[in-house]
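Student: Could you walk me through this model, one part after another? I would like to begin with a helix.

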Amino acid sequence: MKRISKSVLRALNWVLLSVGTTLLIILIQPIAPVPAQEPPAPTEQTNTPNPENPNDQKLRDALKRPSPSAEPQLTPEELVRQQKLTEADNLYLAGQITEAEKIYREVKAPFTQTGIPQERKPAILDAKKLSPAGKVYWREAEAGIAKKLQTRTLVPLQLLVEQHPEFIPGHIRYAEVLTQYDRSKEALDILERASSLYPNQPEITKARVTALAGAEKWMEASLAARQFAILNPNNPQAAEFSQLAEDNLKRYQSRIRSEIRGNVISNVITGALGYAVTGSLLGPFSALDSTILLLQGEQSIGESVAKQAKKQLPLVIDDDILAYVNDIGQKLAKVAGRNEFKYEFFVIPEEELNAFALPGGKIFVNAGAIAKTTSEAELAGLIGHELSHVVLSHGFQLVTQGNLISNVTQYLPFGGTIGQLFALDYSREMERQADILGTRLIVASGYAADGLRNLMVTLDKQKKYDIPSWLSSHPGGNERVSYLENLISRSSYNRYAYEGVQRHAEIKVKVNKLLKDRKEQKEKKQTTE
């Protein structure tokens, strides 16, 4: 009886401590997000992993797979293709865009069907400028709306946007009517396509932001608004879109905070149970630590985990390689719309094509991702995908959902590791969102729109040599290639932009030498042991 009373007393003390600390944390949380800071310059110090810590080896093993026995060699045709792409890149960088596009079009095969792409017509805002057939569709749709006749409204609007995509009010009205008839997903698809075709038209973007917010997709609404403001700084409505971005971001953060508070309560309970069962404060304070991190937000979680990762992982310190990856990453981050994060990019000297992102903008890329891609645009596609997980708060979302799992399992042998694995499991929908946004980011940054798509093709070619873990943990390659091709074609994204072949090849030489030297050092060490 005394033992039970003592355990209850311990649990009560822990609850009071946790509640008091939690209230203090909530009260001292900053209202405004911390502005992003410039990443620190790379140092010359080597991060040496601790060989005596078993978790270090587990983390390294998770990032690498057996090296391929042979690397695919370029055929003479592929070498000629690379030379032509290099020529096009040089023209593109010199501002000779038209000449560059001609070469890009020569080299790049169509996705599915050959044919000359149709020129995009200038946007129309006034129905009086429509063709006679277009005016008929518009008039019929307006009549259908007035009489509340669904078919008479939707059919002419569908024909109107298909045959006259340049008429901006047609897309907006079609989406509004679809929403009225509980077809919100179709409405969002219509606005997504229209805003992709005419990204500089504020009215279509505003309609899309409103629709996304109505569907409680506040992060996507914030991104759409902020990207318009970033890409159209001279537009008179740029400031209005920046404000829309902030408003929707606050709504998103409010929802995340409510989820976090639910986890705070769970952490207090599990901490109290741990203290009552074990009499040790180690488990409860681990729960308290995770609660503090959750309340401090994504940036704090990312910095905390990145700090541990940098201790456990060897990191590349070559200035040229780091500058190359950082240049790509920072270029993408500028159009990503989450300026409150401090973006940092690290390179791990492992051969496997892999990368992972931590909440708050910490991204780790294997050197093999450079060695096994064929252009800067492909590498940008990979980094853009991981960056999208950060921007869309996917990792932080999983942390808030998986935090309770980690706290419950930490009292079991290896429980903490199991809990962390839950938090790393992105859903299929999250992966698709990261693919789509990643493609948008590389387009907005001036890269060829098919960078990520081409990465999938490159991975598919390398399957007979090795199965990349990055691909195996994501949706099927063929499926991804298909929907990325559809996204690029449907949205009229530009495939005939900068590839970055020559610069990428120069960095690949350094990376391959680095990986070769490291492999030889490992083999030498094994023979002497």
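Student: How far does helix 19 reach from its first C-alpha to its last?

Tutor: Helix 19, residues 428-444, has 17 residues and spans 24 Å between those two atoms, close to the 24 Å expected at 1.5 Å a residue, where the expected span is 1.5 Å times one less than the number of residues. Helices (H or I, at least four residues) and strands (E, at least two) are DSSP runs, numbered from the N terminus. This is a predicted model, in which local features need pLDDT of at least 70 and side-chain atom pairs count only at pLDDT 80 or more, while totals for chains, interfaces and linings use all residues. Residues are numbered from 1 along each chain as its sequence is written, and side-chain values use heavy atoms, with hydrogens and water left out.

Student: Which residues of helix 19 are buried?

Tutor: They are Met430, Glu431, Ala434, Asp435, Leu437, Gly438, Thr439, Leu441 and Ile442, with buried meaning under 20% relative accessible area, exposed over 50%, and partly exposed in between (1.4 Å probe, protein chains only). Just after the helix, Gly446 takes a positive phi of about 95°.

Student: And helix 20, why is it called largely enclosed?

Tutor: Eight of the 11 residues of helix 20 (residues 451-461) are buried, so the rest of the structure largely encloses it; among them are Arg453, Asn454 and Thr458, together with Leu452 and Met456. Val457 also has its place in helix 20, but it counts as partly exposed because its relative accessibility is 25%.

Student: In what sense does each pair run, parallel or antiparallel?

Tutor: Strand 2 and strand 3 (residues 362-366) pair in the antiparallel sense over four bridges, and Ala355 stands opposite Val365 there. Strand 1 and strand 3 pair in the parallel sense over five bridges, with Glu344 opposite Lys362.

Student: How are the faces of strand 1 covered?

Tutor: Glu344, Phe346 and Ile348 on one side and Phe345 and Val347 on the other are all buried.

Student: Last topic: how many residues has the largest nonpolar core?

Tutor: It has 66 residues, and Ile328, Leu332, Tyr343 and Leu387 are among those with the most contacts inside it; such a core is a set of buried Ala, Val, Leu, Ile, Met, Phe, Trp, Tyr and Cys residues joined through side-chain atoms within 4.5 Å. Helix 16 (residues 376-391) gives the most to this core, with eight residues. A second, separate core of 24 residues includes Trp138 and Leu154.

Key: Two strands pair if DSSP finds at least two bridges between them.
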